[in-house]
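This briefing covers one protein model, grouped by topic. Please keep the structure open while reading.

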Amino acid sequence: MPRRAKVNPSLGKSIIRSRFEGKRRPTERDTELHTTDMNDGPSWTKLQSITEQRDLDEFLHTAELAGTEFTAERMNVKIITGDQTTNPYLLTAAEEKEALRKHSERRSMLRVPRRPAWDASTTPSELHRAERAAFMDWRRELAHLQEDEGLLLTPFERNLEVWRQLWRVLERSHLVVQIVDARNPLVFRSEDLAEYVREIDARKKCMLLINKADMLTERQRAAWADYFEGEGIAYLFFSAKASNEELQEELEREEAARLAAEIKQSMVVSLGNSASGDEAEAAVEPTAEAVVELTKEEAARAAMEEFEAKVRAVDLADAELRTRVLAPTELVSILVRECPSLADEHSHGRMVIGLVGYPNVGKSSTINALVGSKKVNVGSMPGKTKHFQTIHLTRDVVLCDCPGLVFPTFATTQADMVCNGVLPIDQLREFSGPSALVARRIPKWVIEATYGIEIRTRPAAEGGDGVPTATELLTSYAAARGMFKAGEGNPDESRAARVLLKDYVAGKLVHCSPPPAWSGGSAADFNSEHYAPAAVAKRTRHLVEASDGSGGTDLQGFALKHAASDRNDVRRVVAANSSGSARVDALDDGFFASPGALLTAQRRAKSHLVKQGSGYAQMQVAAAARPRVNDRGEPIAPESAASALSTRPDKHHKKKRAGKRRGGVGNGGATAAAAAGGGGDDGDFY
């Protein structure tokens with residue numbers, strides 16, 4: 001066998017030498033702690049969005065900004081009771097009302113961090129120190145609201161580099177457009193941002209762009225229009241998703257027309273090659289004149305001129321803009337009309353429009369819809385755009401896209417922030433609160449019609465109100481979709497919660513918040529048009545018209561189809577994981593399904609004798625409940641049965657057989673066993 005070759009250690013040594021190249025290697029006598037330098041690394045790592053931190057990370061980050069050592073204590077301990085009727089992660093109606101009152105009183109304290117004043121004599125190091133000091137003061141004010149006032153804030157941006165990008169965008173822009181989600185605009189709007197823009201330059205303007213407005217009905221847009229006009233807020237309705245879908249369809253039609261033209265041209269050329277003389281020239285000449293080869297620069301110039309012509313052709317009155325969902329060309333025309341003309345060193349004679357907003361509200365999608373082609377990366381994770389970008393929309397208009405950042409805003413619960421899309425769902429650990437909030441906002445039959453499932457709830461006799469709990473909703477969905485935990489076989493509620501919450505944030509389950517002090521009623525009344533059976537039937541195939549009128553008054557002649565929950569295995573899983581009478585009903589159904597089980601249970605119930613005493617109850621089975629047949633199945637008299645029972649011999653339990661023993665070594669043990677048992681190896685075995 002050949003000798004095994006030794007492992008060549010040159011690779012490991014070379015890695016170690018390259019690691020400590022130009023540096024002194026640490027020895028055992030060194031007492032320095034190995035720490036990570038927060039300013040180390042490439043520039044793109046400094047612009048990573050930081051909205052939530054662990055206690056240790058937050059401590060180190062704050063110490064880095066302050067440049068000093070300090071001691072912090074956290075006293076936000078919450079005791080969760082064992083009450084199973086309410087979700088501990090949600091607020092009651094009285095608690096929510098009190099929280100909203102505190103939010104309205106202290107709303108002016110939510111400010112955007114300001115950039116310190118500087119001039120030409122300020123050095124970069126002095127400016128950086130001043131920015132860090134101002135940023136630390138701002139964070140102390142928010143910490144006072146959270147710890148001393150007991151208010152809950154959204155996980156605002158904690159990275160100073162991201163706020164520096166916002167400062168540059170605000171300084172360059174003439175018109176600042178704040179993009180918000182139409183389902184809850186006030187959550188994504190920063191009131192102090194407009195004040196900060198006016199502090200930079202009083203001539204600059206701010207405007208609110210309500211994206212995803214296609215999720216609002218005409219009545220809902222009118223209600224929000226009344227609120228914004230009463231507050232003096234300039235606003236516009238827009239839908240980047242609908243605009244991009246229309247743009248994609250138009251591009252597909254143009255591509256199909258181009259391919260058809262190429263096929264026709266190739267057929268004409270082949271026909272010309274087979275023809276002779278003047279016929280070939282007459283066939284090829286018109287096609288050659290129709291097809292004009294354009295360079296990329298000429299094509300871009302022609303597209304720019306066409307887009308500018310469409311923008312100039314827009315003529316909309318103010319009354320039409322009140323509730324209208326604008327098209328891309330209409331939106332650009334209104335922005336150009338509202339943008340002030342300012343001459344500064346950054347604009348070079350152009351109008352600069354800045355786009356600011358939360359992550360995942362549609363800033364990049366809005367730019368794609370306006371430009372007509374993808375100029376920026378689009379993603380659903382917060383922080384996709386790392387640096388502010390300038391994009392030339394027309395020859396006179398420049399768009400300035402700011403990285404998405406989370407402004408500090410009051411929130412009632414963590415579940416509310418998850419449902420609003422502020423917190424990432426994939427990093428969610430506690431899912432019962434957001435799931436219960438979705439079940440509270442969306443009617444039960446709408447969820448059943450959307451997914452084709454059946455949700456079993458606690459009846460009113462046991463304290464139920466008809467609204468599914470988080471467990472009832474997630475168990476029903478997970479069982480219907482085959483989501484089970486490995487090994488246990490129980491429904492995977494966390495996986496089901498992620499799917500449902502993503503559908504809610506994406507708009508598959510529509511819920512829109514009403515304006516403050518809306519006089520039309522509750523949030524359910526505000527969304528009544530979304531939950532009309534005719535409207536839901538257009539979005540799902542699990543709600544169909546009932547020809548026999550069996551749909552009920554609530555469904556207005558429609559019938560639900562529980563195709564995903566009608567299987568027997570799904571029903572068993574849902575019943576086994578249900579609480580209250582649902583599980584009891586399932587056991588009763590399984591027991592009484594056998595023939596004659598009901599009669600047997602009734603006979604046994606009548607034959608039980610209950611003896612009441614002081615503080616106890618003793619139950620005995622009467623003689624009538626005992627079998628009255630013998631071993632051959634022949635009936636016997638009750639007296640004979642009683643005597644047979646009384647004379648039955650007592651049972652004799654056999655003693656436990658002794659285990660196998662070994663009496664010696666070698667054949668001695670076998671010889672001893674044979675002698676003790678009266679036989680040997682040649683004996684008979686029975």
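Strand E5 is joined to strand E7 (residues 397–401) by 5 bridges, and the two run parallel. Helices (H or I, at least four residues) and strands (E, at least two) are DSSP runs numbered from the N terminus, and two strands pair if DSSP finds at least two bridges between them. This is a predicted model, in which local features need pLDDT of at least 70 and side-chain atom pairs count only at pLDDT 80 or more, while totals for chains, interfaces and linings use all residues. Residues are numbered from 1 along each chain as its sequence is written, and side-chain values use heavy atoms, with hydrogens and water left out.

**Whole protein**
- The protein has 24 helices and 11 strands.
- Of its 686 residues, 35% are buried (under 20% relative accessible area; exposed is over 50%, partly exposed in between; 1.4 Å probe, protein chains only).
- Of the contacts (heavy atoms within 4.5 Å) between residues at least 6 apart in sequence, 66% join residues at least 24 apart.

**The sheet**
- Seven strands form an open sheet: 7 strands in the order E4-E3-E2-E1-E5-E7-E6, with mixed pairing.
- Its edge strands, each pairing on one side only, are E4 (325–326) and E6 (389–392).
- Strands of a sheet pair through backbone hydrogen bonds, either parallel or antiparallel.

- Of the 7 residues of E5, 7 are buried.
- Both faces of E5 are covered, with Met-351, Ile-353, Leu-355 and Gly-357 buried on one side and Val-352, Gly-354 and Val-356 buried on the other.

- E1 (residues 175–181) and E2 (residues 205–211) run parallel and are joined by 7 bridges; Gln-178 stands opposite Leu-208 in E2.
- Helix H6 (residues 191–200) packs on the sheet and touches E1, E2 and E5 (351–357), its direction making about 150° with that of E2 (axes are lines fitted to C-alpha atoms, for helices over the stretch in contact, and angles run from 0 to 180 degrees between N-to-C directions).
- E1, H6 and E2 make a right-handed β-α-β unit (with the strands pointing away from the viewer, the path from the first strand over the helix to the second runs clockwise).
- E2 and E3 pair in the parallel sense over 3 bridges, where Tyr-235 is the bridge partner of Leu-208.
- Helix H7 (residues 218–231) lies across E2, E3 (235–238) and E4, at about 160° to E3.
- A right-handed β-α-β unit is also made by E2, H7 and E3.
- E2 is mostly covered, with 5 of its 7 residues buried.

**Glu-330**
- Glu-330 lies in helix H11 (residues 328–338).
- Glu-330 counts as buried because its relative accessibility is 13%.
- Leaving aside neighbours within four places in sequence, Glu-330 is in contact with Val-314, Leu-316 and Arg-324.

**Cavity**
- A cavity is a set of points, on a 1 Å grid over the protein atoms alone, where a 1.4 Å probe fits but cannot get out; lining residues have an atom within 4 Å of a point.
- The count is 1 cavity of 30 Å³ or more.
- The largest cavity has a volume of about 120 Å³, the volume being the space filled by probe spheres set on the points, which are joined across faces, edges and corners.
- Its lining residues include Asp-181, Arg-183, Cys-419, Arg-441, Tyr-504 and His-511.

Methods. 1 Å grid on protein atoms, 1.4 Å probe; cavity = no way out; pocket = protein on both sides within 12 Å on 5 of 7 lines; lining within 4 Å.
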